[in-house]
Amino acid sequence: MIKIAREEPLWKRTTFRIGGPAQTLAQPESMQELCTLMRSGEVHLILGGGANLLVSDAGVRGMVLALGPEFGLMEIKAGSEGLARVEAGAAMGLTRLAGMAMKSSLSGLEFGFGIPGLLGGALRMNAGARGGEIKDITESISVVTKEGRLERIMARDAGFGYRSSAFPEGCVITGATLLLREGSGDRIHSTMRAGYLERKASQPLDLPSAGSVFRNPPGDFAGRLIETCGLKGERIGDAMVSPRHANFIVNMGAALANDVYRLMRLVEKRVSGQSGVKLEREIKLAGVFDEE
Ligand SMILES: Cc1cc2nc3c(=O)[nH]c(=O)nc-3n(C[C@H](O)[C@H](O)[C@H](O)COP(=O)(O)OP(=O)(O)OC[C@H]3O[C@@H](n4cnc5c(N)ncnc54)[C@H](O)[C@@H]3O)c2cc1C
């Protein structure tokens with residue numbers, strides 16, 4: 001029987017530690033259960049690691065789908081010419097996957113070490129860091145469409161862009177085939193460590209957040225524009241523009257989703273007023289937010 005929870009608090013499942021309940025949370029544990037759920041037409045939101053998500057205080061009406069552990073497996077297959085194919089499930093943590101690749105001396109996923117969330121979310125967002133993006137090492141992606149059909153999409157057809165993709169609307173990503181290169185375990189380890197230290201020095205990792213709130217506009221940095229407006233430390237309730245990294249909003253303890261949302265709008269207005277740049281949101285909103 002499909003595992004279903006009612007009025008499940010979503011704050012526990014987001015890195016912001018914010019958000020009301022899911023009316024129902026379904027956790028399919030097999031492909032068959034997943035296809036049945038998708039065919040029901042009731043799935044309203046697909047939840048990965050919740051690392052790029054702001055869930056409203058009222059939560060999400062309808063069904064939220066979170067892939068069960070069955071979708072979190074990985075297998076390394078021998079390739080040719082120094083390449084290895086890695087079949088990984090969408091519910092596997094990206095950092096865990098990067099760590100496993102390192103242990104097998106496979107290079108290509110170094111950038112992913114330290115990016116919170118799951119492989120499915122990383123593919124949906126085309127997650128990246130330090131010049132690497134998940135699209136660069138992806139050969140193909142498996143999805144289940146909203147009609148409940150399992151399909152394989154080649155990476156070149158997934159519409160990957162800067163922190164974006166164009167998978168068929170409403171589909172759930174179930175896994176991917178990644179292409180990694182045989183490398184030196186020591187070198188992979190030191191690249192990951194350098195990335196981690198850089199992250200630790202520049203990001204407020206001690207407080208809950210959802211990473212960068214806005215995309216970098218072409219040729220510029222959202223953080224620089226926000227900082228120039230003097231917004232570091234700006235606060236609404238317990239939501240604050242991080243003094244360490246202006247493109248992060250942090251939860252100081254009891255922030256409401258609405259506090260974060262109002263702060264985002266304030267940042268958007270100030271940056272647009274002062275520099276003329278219309279910031280685009282990188283984080284995804286789920287549920288209903290008060291418009292001002
Ligand atoms: C401290 C911190 C640092 C961060 N640093 C980086 C960084 O360096 N680079 C970077 O790119 N991001 C970064 N992020 C943002 C976040 O880690 C990435 O966007 C991550 O890839 C989101 O994955 P997730 O599984 O948490 O997705 P979620 O937040 O759960 O979901 C994000 C979107 O993907 C959709 N989705 C999730 N899973 C699936 C699926 N299986 N099928 C279909 N759709 C799905 C959701 O519906 C939603 O629209 C950071 C976040 C934090 C908190």
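Q: Why is E7 called exposed?
A: E7 has 12 or fewer C-beta neighbours, which is the cut-off for exposed: the count for E7 is 11 inside 10 Å, so E7 counts as exposed. Bear in mind that this is a predicted model.

Q: Where is E7 found, and what is its phi?
A: E7 is found in strand 1, residues 3–9. Its phi is near 50 degrees, a positive value in a residue other than glycine.

Q: What makes R17 partly exposed?
A: Buried needs 20 or more other C-beta atoms within 10 Å, and exposed needs 12 or fewer. R17 has 16, so it lands in between and is called partly exposed. R17 is found in the loop between strand 1 and strand 2, and its phi is positive too, near 55 degrees, again in a residue other than glycine.

Q: How do you know that S30 counts as exposed?
A: The cut-off for exposed is 12 or fewer. S30 has 12 C-beta neighbours inside 10 Å, so S30 counts as exposed. S30 is found in the loop between strand 2 (21–27) and helix 1 (31–39).

Q: Why is L97 called buried?
A: Being buried takes 20 or more other C-beta atoms within 10 Å. L97 has 22 of them, so L97 is buried. The place of L97 is in helix 2.

Q: What is L97 in contact with, leaving aside neighbours within four places in sequence?
A: The list is M74, A88, M92, L109, G112 and L119. For L119, the C-alpha to C-alpha distance from L97 is 8.2 Å, and the two are 22 residues apart in sequence.

Q: What makes the buried residues of helix 2 line one face of the helix?
A: In helix 2 (residues 94–103), the buried residues are L94, L97, A98, A101 and M102. Looking down the axis of helix 2, these buried residues fall within an arc of 140 degrees, so they line one face of the helix.

Q: What covers the buried residues of helix 2?
A: The cover includes strand 6 (74–78), strand 7 (83–89), strand 8 (106–107), helix 3, strand 13 and helix 4 (185–202). Helix 2 is followed by S105, whose phi is positive, near 55 degrees.

Q: How do you know that the ligand shell lies between domain 1 and domain 2?
A: Domain 1 (3–69) and domain 2 (72–202) both give residues to the shell around the ligand, so the shell lies between them. The chain is divided into these two and domain 3 (222–286). The centres of domain 2 and domain 3, taken over C-alpha atoms, are separated by 29 Å.

Q: What makes up the shell around the ligand?
A: 33 residues surround the ligand, and the closest are G48, G117, G120, G121 and G211. By class there are 18 nonpolar, twelve polar and three charged residues. Strand 3 (43–47), helix 3 (119–125), strand 9 (128–129) and strand 13 (172–182) each supply at least two residues. The largest share, five residues, comes from helix 3.

Q: Why is the chain called as compact as a globular protein of its length?
A: The chain has six helices and 17 strands. Its radius of gyration is 19 Å, close to the 19 Å that the globule rule gives for 292 residues, so the chain is as compact as a globular protein of that length. The C-alpha trace spans about 55 × 45 × 30 Å along its principal axes, and buried residues make up 41% of the 292 residues.

Notes
Residues are numbered from 1 along each chain as its sequence is written. This is a predicted model: local features need pLDDT of at least 70, side-chain atom pairs count only at pLDDT 80 or more; totals for chains, interfaces and linings use all residues. A residue is near a molecule or strand if its C-beta atom, placed from the backbone, lies within 6 Å of it. Helices (H or I, at least four residues) and strands (E, at least two) are DSSP runs, numbered from the N terminus. Ala, Val, Leu, Ile, Met, Phe, Trp, Tyr, Cys and Pro count as nonpolar, Asp, Glu, Lys and Arg as charged, and the others, Gly among them, as polar. Domain bounds come from an automatic or database domain assignment. The arc is that of the directions from the helix axis to the C-beta atoms. Two residues are in contact if their C-beta atoms, placed from the backbone, lie within 7 Å. The radius of gyration is taken over C-alpha atoms; the globule rule is 2.2 Å times the number of residues to the power 0.38.
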